[in-house]
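Hi,

Here is the structure I said I would pass on.

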Amino acid sequence: MKQYRFEDMETGMTERFVVTVGKEQQEAFYLLTGDSNPLHRDVDFARERGFEDRVVYGMLASAYYSTLAGVYLPGSNCLINECKVAYHQPVYPGDVLTVEGVVKDVRESTRRVKIEGKMTRADGTVVNTAVIAVSFTG
Amino acid sequence: MSREEILDRVNKVFREVFDDEDVAVTFASTAADVEGWDSLRHITLIEAVEDEFDIRFKINEVTGMKDVGEMVDIIAERI
């Protein structure tokens, strides 16, 4: 786990990691949230609506921005203040996603950092993007 | 730029940050006068005001402003 402090932060700093969003995560998210929408649970329902497969919950995919900030950039010293996510393409169970964050703003006056995040499939398709504001706890 | 002109632009920032066209602050306004102006929103406001006027506040100013008028005075010094 990274342990960057505010003083370490510079614009352009980049971290990334790879995750596979599988059926287990999909089921765990359902159990946690109770979101029973069949678009996420019923293949036939999803295909009838023009999707290749069940659609991974958007908020499950974007939950990896928590990991991006909390583990990689800046890591253990941060607290997420804001996270604005835009969803561009569906994610399907089994997709391998690269989660990347780039520091775009280091604000001395408020001791906050803004990180631009994106998740990309192996074929280069950007499935969602985010702006994450973090403060520092240590 | 006059204090009134700065206040007009500060009000524009407040309306954007609070996503509320009805928000209107005066020189005497404080966090207690505006619903939702909590500590986290204050930080967002400060950053938005900095971007609007292309200035930077000092850390002690961020935590020490007693009202909007004081914010306007600091902006007037920097632009």
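**The largest pocket**

α2(B) contributes the most to the lining of the largest pocket, with five residues. Before going on, a word on the source: this is a predicted model, in which local features need pLDDT of at least 70 and side-chain atom pairs count only at pLDDT 80 or more, while totals for chains, interfaces and linings use all residues. Residues are numbered from 1 along each chain as its sequence is written, chains are lettered from A and ligands numbered from 1 in the order in which they are written, and side-chain values use heavy atoms, with hydrogens and water left out.

Helices (H or I, at least four residues) and strands (E, at least two) are DSSP runs, numbered from the N terminus. A pocket is, on a 1 Å grid over the protein atoms alone, an open set of points where a 1.4 Å probe fits, with protein on both sides within 12 Å along at least five of seven lines; lining residues have an atom within 4 Å of a point.

The largest pocket holds about 250 Å³ of space, the volume being that filled by probe spheres set on grid points joined across faces, edges and corners. Both chains take part: β2 (78–87) and β5 (126–136) of chain A and α2 (39–53) of chain B each supply at least two residues of the lining. From chain A come A:Glu82, A:Lys84, A:Lys114, A:Val131 and A:Ala133, and from chain B come B:Val17, B:Thr44, B:Glu47, B:Ala48, B:Asp51 and B:Glu52. By class, that lining has four nonpolar, one polar and six charged residues (Ala, Val, Leu, Ile, Met, Phe, Trp, Tyr, Cys and Pro count as nonpolar, Asp, Glu, Lys and Arg as charged, and the others, Gly among them, as polar).

**Helix packing in chain B**

Helix α1 (residues 3–18) of chain B packs against α2(B) at an angle of about 130 degrees, with the axes 10 Å apart. Axes here are lines fitted to C-alpha atoms, for helices over the stretch in contact, and angles run from 0 to 180 degrees between N-to-C directions. That angle makes α1(B) oblique to α2(B) (under 35 degrees counts as roughly parallel, over 145 as roughly antiparallel, 65 to 115 as roughly perpendicular and the rest as oblique). The contact (heavy atoms within 4.5 Å) includes B:Val13 and B:Val17 of α1(B) and B:Leu45 and B:Ala48 of α2(B). Its residues comprise ten nonpolar, one polar and four charged.

α1(B) also packs with helix α4 (residues 68–78) of chain B, at about 115 degrees and with the axes 10 Å apart. That makes the two helices, α1(B) and α4(B), roughly perpendicular. Among the residues in this contact are B:Leu7 and B:Phe14 of α1(B) and B:Met71 and B:Ile75 of α4(B). Here the classes are nine nonpolar, one polar and two charged.

**Chain A**

Chain A has four helices and five strands, which run β-α-α-α-α-β-β-β-β from the N terminus on. Its C-alpha atoms fill a box of roughly 50 × 30 × 25 Å, taken along the principal axes.

Two loops are worth a look. A:Leu73 and A:Pro74 are joined by a cis peptide bond, with omega about 5 degrees; A:Pro74 lies in the loop between α4 (64–72) and β2 of chain A. A:Arg111 is not a glycine, yet has a positive phi of about 50 degrees, and lies in the loop between β3 (95–107) and β4 (112–121) of chain A.

Best wishes
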